[in-house]
Amino acid sequence: MLSVDAIVIGASSGGVDAVGMLLAALPSRFRTPVVIVLHLLATAESLLVPVLAARCARPVREAADKEPIEAGVVYVAPPGYHLLVEPDLTFALSIDAPVNFCRPSIDVMFESAAYAWRERLLGIVLTGANADGAEGLAAIRRFGGRAWVQDPESAVAPAMPAAAIARAGADRVLSLEAMAAALAGVEQEPTGVGAT
Amino acid sequence: MNDSAKDGQAAREFDQELKLLLEAIYLRYQHDFRHYAVASLRRRIVQAMGLYGCATVSQLQDRVLHEPEVFAGMLQYLTIQVSEMFRDPEYFRELRSEVVPVLKTYPSVKVWVAGCSNGEEVWSLAILLAEEGLLARTLIYASDINPEALRRAEAGVYPLDRVALFSSNYLAAGGTGSLSDYYHAAYDGVVLDRRFRQHMLFADHSLATDTVFSEVHLVSCRNVLIYFDRPLQDRAVGLFREALVRRGFLGLGSRESLRLTSHQSAFDEIAGTHRIYRKC
């Protein structure tokens, strides 16, 4: 069974439903922190946390600047900011220029998470209509972390998962249903959240 | 060593060299980035390495130390934030409704825009205060560590292609006229009303190394603290606390808060606002 210290998820067009489906599969005892970057239209931004929380047995919160990342919590990047993971496993926000026309950018979050968690990280790229996340997923794999990608055939928008597979490859390419089942089985080592 | 272990090692070496670079910049140029959040810095340094053709951070350090113009260029990478006039319009609406009525009770008003970057917020505040009839007795201090940014802030010239966004922000922020009342077009940009300039004072000031320079009634410091680590956030907010008059106001970015600083108990958050605090 796969054991990691954190899971990072990137999704864009069609992503609210896809992420919601994965979160709905997490058991209430799930201890691994989950960090999500979802591209949204500005008008839908404020609803994201309650919409996801309604489908998830774990607490869902917007990630706050300098907040320590806690076990068992699902974090969502705030709209309009890049979300980064610091080496001490706290969050940092930035308003640096958009990357891939996106802020938050999946690449920015994934790369910082790869630095912070190295091989103890699972990165997931879901449905989307751009190529954000492909570089970040490649960084995660370079550091020895795992990469799962939604099967483009099953995605509402196939471009993003297809770009991720082309750029980074993947340890597993899964339908959402299969991914939800696999995710529920991911375990965290009892040693704690932090990389040692 | 397998490939991922090598990458882990390379990342550790990058971070070590980054620390050395920041130490070198501090010793040589007295600009202190040692308490900046690391993950963003990494990205900016990688960009700068590309620009200056350096394969390692140490090579970049060599150039920064021996070519002052490379440091001047680096400073742009390390500090510049692109902002907007009236960014987060609700912040300016709340300044109008919650802060301006109190400011009007003072015979003269001092405002500090800390980390003003290219000055979009300085000019936005000047317009807001002018519309509220306060600018005539107000002095706005605008500070930054980047002399190039201060020069641009003082010039108040912005590209034409950003004006549509600025205008819609202005209206959403509760502007009582039209943004075009306050600028004229010049070449491919707009120039903000020079009459506002006499109410602004631009100053090279570092939240990391300098002290308080004046008593003020309002500090606006938005999306600056997020680039700092917690000790430096504490230092900066400590300066604001010291500079503010009793019951003075502190405005932060929409995703910044005092919750994780050591000064939380020294401020009340004004109910219903987006990050406007009042000193106890």
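Modeller: Two residues are in contact if their C-beta atoms, placed from the backbone, lie within 7 Å. Note also that this is a predicted model.

Biologist: How many residues does the contact take from chain B and from chain A, and which helix of chain B supplies the largest share of its side?

Modeller: The contact between the chains takes 17 residues from chain B and 22 residues from chain A. On the chain B side, helix 1 (3-29) and helix 2 (38-51) each supply at least two residues. The largest share of that side, four residues, comes from helix 1 of chain B.

Biologist: Into which domains is chain B divided, and how many Å apart do their C-alpha centres lie?

Modeller: The domain assignment divides chain B into domain 1 (3-79) and domain 2 (89-279). The C-alpha centres of domain 1 of chain B and domain 2 of chain B are separated by 30 Å.

Biologist: Which helix gives the largest share of the side of domain 1 of chain B that touches domain 2 of chain B?

Modeller: The contact between the two domains of chain B takes nine residues from domain 1 and twelve residues from domain 2. The domain 1 side divides into three nonpolar, five polar and one charged. Its largest share is three residues, and these come from helix 4 (residues 68-79) of chain B.

Biologist: How are helix 1 of chain B and helix 3 of chain B oriented to each other, roughly parallel or roughly antiparallel?

Modeller: The axes of helix 1 and helix 3 (residues 57-66) of chain B are 9 Å apart, at an angle of about 10°. Residues that meet include B:Phe14 and B:Leu18 from helix 1, and B:Leu60 and B:Val64 from helix 3. By class, the contact has ten nonpolar, two polar and two charged residues. Angles under 35 degrees count as roughly parallel, and therefore helix 1 of chain B and helix 3 of chain B are roughly parallel.

Biologist: Is B:Ser97 buried, partly exposed or exposed?

Modeller: B:Ser97 sits in helix 5 (residues 89-103) of chain B. Its C-alpha atom is 10.0 Å from that of B:Thr273, 176 residues away along the chain. A residue is buried with 20 or more other C-beta atoms within 10 Å and exposed with 12 or fewer. B:Ser97 has 13 within 10 Å, so B:Ser97 is partly exposed.

Biologist: What is the distance between the axes of helix 3 of chain A and helix 4 of chain A?

Modeller: Among the residues that meet are A:Met109 and A:Phe110 in helix 3 of chain A, and A:Leu137 and A:Ile140 in helix 4 of chain A. By class, this contact has seven nonpolar, one polar and three charged residues. Helix 3 and helix 4 (residues 134-142) of chain A pack at an angle of about 10°, and the distance between their axes is 7 Å.

Definitions and conventions
Residues numbered from 1 in each chain as written. Chains lettered and ligands numbered in written order. Predicted model: local features only at pLDDT ≥ 70, side-chain atom pairs only at ≥ 80, totals over all residues. Domains from an automatic or database assignment. Nonpolar A, V, L, I, M, F, W, Y, C, P; charged D, E, K, R; others polar. Axes fitted to C-alpha atoms, helices over the stretch in contact; angles between N-to-C directions. Parallel < 35°, antiparallel > 145°, perpendicular 65-115°, else oblique.
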